[in-house]
Amino acid sequence: MTAYCGVLLAGGQSSRMGTDKALLELGGLKTIQWVDERLRMVTDQRAIITNQKERFAFVDIPSYPDVFKGEGPMAGLHAAIHYLPADYYLLSACDTPFLSPAVYEVLKQQVAGHDIAIPVFNGKFHPMSGVYSAAVYKKAGELLKQGKRSMKALFNETDTVFVNNFPSIDTVELHRHFFNMNDPNDYAKAQEIVKILKS
């Protein structure tokens, strides 16, 4: 049976927001709890990759530090594969509270036979919402040792499929899946979305 691990990346600086985005409250839950609840629906296990473990002690899943500290999302992915055995890893940023399990289900289907499946929405790649095979571990480590930290470098060196077709998922759900909170205006929008979801 294929094993899937959800990876919550919580290493960002949150400079534009002015406070830790993962810990912002939305409808009685912290943002990172929204992310965890959605990943729970499509994975067998989940973990937070953070170098500040104590900040997320309230989330009932394990936390692990980067092996390559401060090297961005690829280091987070590398750490998840390093610590957690699975076949595939579903990445998520900690500032995307309205993830769609259906989007990940499409990516899980598309990644079969490939190393990576990356969603493309509105003409943009979304590596922080991709599905990655354990097979990319060695290549990610090599690139990080060379100081190459961009996800694009990893795509170029692996068998990556780009997915831009999400049939049966409506546009509103797709927009919400790829919505992330960068600044206070985005946080205000998120609060409005929560009101709609809870109405």
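Helices (H or I, at least four residues) and strands (E, at least two) are DSSP runs, numbered from the N terminus. The model is predicted, so local features need pLDDT of at least 70 and side-chain atom pairs count only at pLDDT 80 or more, while totals for chains, interfaces and linings use all residues. Residues are numbered from 1 along each chain as its sequence is written, and side-chain values use heavy atoms, without hydrogens and water.

Q: Where is Thr-96 placed?
A: Thr-96 lies in the loop between strand 6 (88-93) and helix 3.

Q: What makes the pair of Thr-96 and Ser-92 a polar contact?
A: A polar contact is a pair of N or O atoms within 3.5 Å; within protein, one must be able to donate a hydrogen and the other to accept it, and residues adjacent in sequence count only if both atoms are side-chain atoms. The side chains of Thr-96 and Ser-92 meet this limit at 3.4 Å.

Q: Which residues are in contact with Thr-96, leaving aside its neighbours within four places in sequence?
A: With contact taken as heavy atoms within 4.5 Å, they are Val-35, His-177, Phe-179 and Asn-180.

Q: How do you know that Asp-66 is buried?
A: Its relative accessibility is 11%, so Asp-66 falls under the 20% limit. Asp-66 is in the loop between strand 5 (63-64) and helix 2 (73-83). Beyond its neighbours within four places in sequence, Asp-66 is in contact with Ile-49, Asn-51, Ala-75, Gly-76 and Ala-79.

Q: What makes Lys-21 buried?
A: Lys-21 has a relative accessible area of 12%, and is therefore buried. Its place is in the loop between strand 1 (4-9) and strand 2 (25-26). An unreviewed UniProt entry places the feature "binding site" at positions including Lys-21 and Asp-66; such annotations may be inferred rather than shown by experiment.

Q: Why is helix 1 (residues 31-40) called largely enclosed by the rest of the structure?
A: Seven of its ten residues are buried, so helix 1 is largely enclosed. Among the buried residues are Trp-34, Val-35 and Leu-39.

Q: Which residues of helix 3 (residues 101-111) are buried?
A: They are Pro-101, Val-103, Tyr-104, Val-106, Leu-107, Lys-108 and Val-111. Just after helix 3, Gly-113 takes a positive phi of about 85 degrees.

Key. Buried means under 20% relative accessible area, exposed over 50%, partly exposed in between (1.4 Å probe, protein chains only).
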